[in-house]
Amino acid sequence: MKKLHTLLIILMVFGFLGVNAQVSSSAKSRAENSKMDNFVNTLMKKMTLAEKIGQLNLVTPGGAVTGAVVSKDVDTKIRNGEVGGLFGITGPDKIRKTQEIAVNNFRLHIPLIFGLDVIHGHKTIFPIPLGLSSSWDTTLIKKTARIAANEATADGLSWVFSPMVDIARDPRWGRIAEGAGEDPFLGSQIAKVMIEGYQENNLSKDNTVMACVKHYALYGAAEAGREYNTVDMSKVRMYNEYLPPYKAAVDAGAGSVMTSFNDINGVPATANKWLVTDLLRKQWGFKGFVVTDYTAIPELINHGMGDDMKVTELALNAGVDMDMVGEEYLRHAAQLVKEGKVSEKTIDDACRRILEAKYKLGLFEDPYRYCNDERAKTELMSDANLKAAREVAERCFVLLKNNDQVLPLKKSGTIALIGPLADNKRNMLGTWSVSGDPQKSVTIMQGIKNVVGNSVNILYAKGANISDDTEFIKHVNVFGEEISVDKRSPEEMINEAVETADKADVVVAVLGEAADMTGESSSMSNISLQESQENLLKALVKTGKPVVLVLMNGRPMTLTWENEHVPAILDTWFGGTEAGNAVADVLFGNYNPSGKITASFPRNVGQIPIYYNQFNTGRPFHPGDSPKFKSDYLDVANTPLYPFGYGLSYTTFKYSDISLSNNTLSSNGKITASVNVTNTGTRSGKETVQMYIRDMVGSITRPIKELKGFKQITLEPGETQKVSFTISVNDLKFYNSDLKYVYETGDFKVFIGTNSQDVKEADFKLK
Ligand code: BGC
């Protein structure tokens, strides 16, 4: 009794302290907010309308730009208070000098915000985001954002145009490389940790940056995978499948949001009041500022929304705060206010949001807080960051095939290392690595040497150009010679490669895409290997030597021939600065591959869009069915070549049947679904156990499977571990035809397995 009493007192005291801590932290944030309000109010009272509009202007003096227009007279504009932020420059020195122009010359001394595309690392480059997502390791992904923030702030920046959270189900779209693939659940988890990694819930620190969630919204659903193309989508699909990652990023406290280039059901995102004001601000409660994408306001003219005066009005009234490079606000906003087409309050609100961002970043307190030369010297590409880049990259590679245990390779004998990407620094970093230096990257040749030294004899031949198609090469090489064309003929190169292969025990063929064959403005209608490389690969396979295909790629590719004829395929995406070392670690078994793809690999482009969480249709096709009058193709299977969540290991895992704690779930209860996973191979290995759910009957059609959980375990050979998932109604909710987030009672299936296709299943009822 006495004990119980003491326990109660302890609980009360702790409970009280807990509540008190909450009260005091919210009181603290209220006090901070009111301090910020006072500061911004006082400042805004001093500002003219023109100066307020100046804050809405984001310029770039050049550097890595993605449009035809580059801002002019940047210096004068900054002095006049006609610039709120700037992107495209880095380095504490340059940023300090530019900041000085604003702080010393603009009469109100308002500091600038400095942004940049820091997408998968800043100087230390990590794998492309599609690769990062293949790790399914949110702790690791958060760490990459943290390191990127550390480096970006050490280099003078306060704002990053990341994360890119667009769901993409169309590998023809080059920007599939920049996101987390096709799934809203995984995409949302990744969006959240990226924001946490960048912002750490505290923008006032000198090593956190403001994130910018992009591209809002639905950019990944561009028709036919063609860049900047139309999006037309039902709201139910938007809410259930495409919007969740943006919302997750907003819920995690993202400081800013970037609108997308595409139109949505007839209204371009940058002029879309429903999207920016009603959904983002009113429904989701977003408090930060909204910036356009590059020249997206003047592009509204091409969309057919009106002349430049009209499109400025539309963007402002939609709730878009900052104009990236377009300078339409600067030219027309004052006139629009004068004519009563845009209210002064709209300008005030936009200006306030931008000033608040600067306040939160601590720029008013110290405009040079990110200009620390010491930090730049010690923190950029530090040994620790490079070590992390190597570890991260290893965890992102996906073993697509490994017949007869061709991999891992022996650390002896002779390897024929063949291919235009085998020793190619220029293409190691992949798309959107604007501050990365490809010359500092480790190629696969170098990585192999670093890992196995002289114990392996390496013979090298280029074998083929990345492509032989001259028109195509011109398109890809816009920013430099990513595809270099050898003086020798294709036949000579292949002959040399075959001779080299003949002398070796095993062939490692490093093939795939040049860095800019994915990313912005890199849509492709053919996503197989280029003909030059296909010819090379066929010749290598013909030698009869075991061939390991190491792929470098920014998108799911069509690999039907390769899957049939090449014994081992390792997908390494664009692995970043340390890619070469990481690839070698995996090839020689120092790391047992554990990545799983996050976007389905189609068998051919005719299957696109292809994604696992599709609908059943009224005439579903099941293997073995008579093919007539079923939802299928005459000439290809419905299934992808490699399904979402797929990836092999050097070991094997066996799953038991699912055991459910209860077959009935109540609306306020929980049930547990468990499997035993056993490592049935001979090596220690990491497995991502995936849990999917199907709602069997709904008021609207429901997907045949939806990812609702995943867990990573590492098992020693012979070891078994129980993996359990808790299911509650929260996992069963969806947006119905009234866009209400609901659950519906009835029958459900739960699936647990190693990928979206290879699963165990069990049934339960929601009462
Ligand atoms: C891209 C954005 C990028 C911006 C600034 C645009 O072309 O779509 O993702 O952040 O340029 O570089």
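Predicted model: local features only at pLDDT ≥ 70, side-chain atom pairs only at ≥ 80, totals over all residues.
Close-up 1. The peptide bond running from K214 to H215 is cis, and its omega is near -10°. Most peptide bonds are trans.

**Close-up 2. Y216 and Y246, an edge-to-face pair.** Let us stay with strand 5 for a moment. The ring centres of Y216 and Y246 are 5.6 Å apart and the ring planes stand at 80°, so this aromatic pair is edge-to-face. Which elements does the pair tie together? Y216 belongs to strand 5 (residues 210-216) and Y246 to helix 9 (residues 244-251), so the pair ties together parts that are 30 residues apart in sequence. Are these two tyrosines buried or exposed? Y216 is buried, at a relative accessible area of 1%, and Y246 also counts as buried, at 1% relative accessibility.

Close-up 3. Helix 8 (residues 235-242) has an axis that comes within 6 Å of the axis of helix 9, and the two cross at roughly 55°. Helix 8 and helix 9 are therefore oblique to each other. Which residues meet here? From helix 8 come M238, Y239, N240, E241 and Y242, and they meet P244, P245 and Y246 of helix 9. Y246 is the tyrosine already seen in the pair with Y216.

Close-up 4. How are strand 1 and strand 2 joined? Two bridges connect strand 1 (residues 57-59) with strand 2 (residues 85-87), and these strands run parallel. For V59, the bridge partner in strand 2 is L86.

Close-up 5. Another open sheet is built from five strands in the order 19-27-26-21-22, and its pairing is mixed. Strand 19 (664-665) and strand 22 (706-715) are the edge strands, each pairing on one side only. Strands of a sheet pair through backbone hydrogen bonds, either parallel or antiparallel. How many bridges join strand 21 to strand 26? Six bridges link strand 21 (residues 685-695) with strand 26 (residues 746-753), and the two run antiparallel. Look also for R694, which stands opposite K749 in strand 26.

Close-up 6. S162 and P163 are joined by a cis peptide bond with an omega of about 10°. Where is P163 placed? P163 sits in the loop between strand 4 (159-160) and helix 7 (184-199).

Close-up 7. Most residues other than glycine have a negative phi. V325 is not a glycine, yet its phi is positive, at about 70°. V325 lies in the loop between strand 10 and helix 13 (328-338), and it counts as buried at 2% relative accessibility. Q405 also has a positive phi, near 45°. Q405 is found in the loop between strand 11 (398-402) and strand 12 (414-418), where it counts as exposed at 56% relative accessibility.

Close-up 8. The structure holds 22 aromatic pairs. One of them, formed by Y612 and F644, is stacked, with 4.5 Å from centre to centre and 15° between the planes. Both residues belong to the loop between helix 22 (579-587) and strand 17 (653-655), 32 residues apart, and the pair links distant parts of the chain. Y612 is buried, with a relative accessible area of 7%, and F644 counts as buried at 0% relative accessibility. Ring pairs also bring these two into a cluster with W136, F185, Y692 and F710.

**Close-up 9. Lysines over aromatic rings.** The charged end of K235 sits over the ring of W274, at 4.2 Å from the ring centre. K628 lies over the face of F629, 5.9 Å from the centre of that ring.

Methods: Residues numbered from 1 in each chain as written. Heavy atoms only, no water. Phe/Tyr/Trp six-rings, centres within 6.5 Å; stacked < 30°, edge-to-face > 60°. Helix = DSSP H or I, 4+ residues; strand = E, 2+ residues; numbered from the N terminus. Buried < 20%, exposed > 50% of the residue type's maximum accessible area, 1.4 Å probe, protein only. Lys NZ or Arg CZ within 6 Å of the ring centre and 35° of its normal. Pairing = 2+ DSSP bridges. Axes fitted to C-alpha atoms, helices over the stretch in contact; angles between N-to-C directions. Parallel < 35°, antiparallel > 145°, perpendicular 65-115°, else oblique. Contact = heavy atoms within 4.5 Å.
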